[in-house]
Amino acid sequence: MSSTKLEPGALAPDFQLPTDGDGSFSLSDKKGSIVVLYFYPKDNTPGCTKESIAFSQLKPEFDALGASVVGVSPDTAAKHDKFKAKHELNVTLVSDTETTLCENYGVWVQKSMFGKKYMGVERSTFLIGADGHIAKVWRKVKVAGHAEDVLEAVKDLGTQ
């Protein structure tokens, strides 16, 4: 388990992992453009579904700003395919089954539910600038209004 807490200004850890649709996503392939990397616990759960739908609905606006929106969870790429089809999602979903990416970004944390402790993803979003550095971090994200907040931050980043 990593205790890494990435902060704005830090170089975003590179990765290459499988995605939905038998694809692959590499952060280094996006160098020179903005990336919104959002980590969520699990496909087809209420909060994760709402968050992914919100990002999907705003995707044309992110696209217009030259920003890629990428969701990450420990689910398999096959589960991501079903999740996307069921909810008509249009964002790229990365499969981090080994949780290495989650650990590298410091979002694989100990959680507790009904007194039982377990490891899981802390809902978090990282705004990565065109220079490959983290511009903004949201931790312990509340889903309502979050995608809109991130879109505003992308707009602000574009005007700097």
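# Briefing: strands, helices and cores

Ala-12 sits in the segment before strand S1, where helices (H or I, at least four residues) and strands (E, at least two) are DSSP runs numbered from the N terminus. Please keep in mind that this is a predicted model, in which local features need pLDDT of at least 70 and side-chain atom pairs count only at pLDDT 80 or more, while totals for chains, interfaces and linings use all residues. Residues are numbered from 1 along each chain as its sequence is written, and side-chain values use heavy atoms, with hydrogens and water left out.

- Ala-12 counts as buried because its relative accessibility is 8%; buried means under 20% relative accessible area, exposed over 50%, and partly exposed in between, with a 1.4 Å probe and protein chains only.
- Leaving aside neighbours within four places in sequence, Ala-12 is in contact (heavy atoms within 4.5 Å) with Leu-27, Tyr-105, Ile-128, Gly-132, His-133 and Ile-134.
- Between Ala-12 and Gly-129 there are 117 residues of sequence separation, yet their C-alpha atoms are 9.1 Å apart in space.
- Thr-19 belongs to strand S1, residues 16-19, and is buried, with a relative accessible area of 6%.
- The side chain of Thr-19 reaches the backbone nitrogen of Ser-24 at 3.5 Å.
- Not counting residues up to four places away in sequence, Thr-19 touches Ser-24, Phe-25, Ala-77, Thr-92, Leu-93 and Val-94.

**Helix H1**

- Helix H1 covers residues 46-64, and its 19 residues should span 27 Å at 1.5 Å a residue, which agrees with the 28 Å between its end C-alpha atoms; the expected span is 1.5 Å times one less than the number of residues.
- At Leu-58, H1 bends by about 55°, and a proline, Pro-60, follows within four residues; the bend is the angle between axes fitted to the seven residues ending at a residue and the seven starting there.
- Buried residues of H1 include Cys-48, Glu-51, Phe-55, Leu-58 and Phe-62.
- Just after H1, Gly-66 takes a positive phi of about 75°.

**Helix H2**

- In helix H2 (residues 77-87), Ala-77, His-80, Phe-83 and Lys-84 are buried.
- Seen down the axis of H2, these buried residues fall within an arc of 110°, so they line one face of the helix; the arc is that of the directions from the helix axis to the C-beta atoms.
- On the other side of H2, Lys-82, Ala-85 and Lys-86 are exposed.
- The packing partners of the buried H2 residues are S1, H1, strand S4 (67-73) and strand S5 (92-95).
- Just after H2, Glu-88 has a positive phi of about 50°.

**Nonpolar cores**

- Among the 24 residues of the largest nonpolar core, Val-36, Phe-55, Phe-62, Leu-127 and Val-154 touch the most other members; such a core is a set of buried Ala, Val, Leu, Ile, Met, Phe, Trp, Tyr and Cys residues joined through side-chain atoms within 4.5 Å.
- At least two residues of this core come from each of strand S3 (34-39), H1, S4 and helix H4 (146-158).
- H4 gives the most to this core, with six residues.
- Apart from this core lies another, of 22 residues, among them Phe-39, Val-70, Val-72 and Val-121.

**Trp-108**

- Trp-108 is found in strand S6, residues 108-113, and counts as buried at 17% relative accessibility.
- Trp-108 and Ser-68 are 40 residues apart in sequence and 23 Å apart in space, C-alpha to C-alpha.

Terms used
A polar contact is a pair of N or O atoms within 3.5 Å; within protein, one must be able to donate a hydrogen and the other to accept it, and residues adjacent in sequence count only if both atoms are side-chain atoms.
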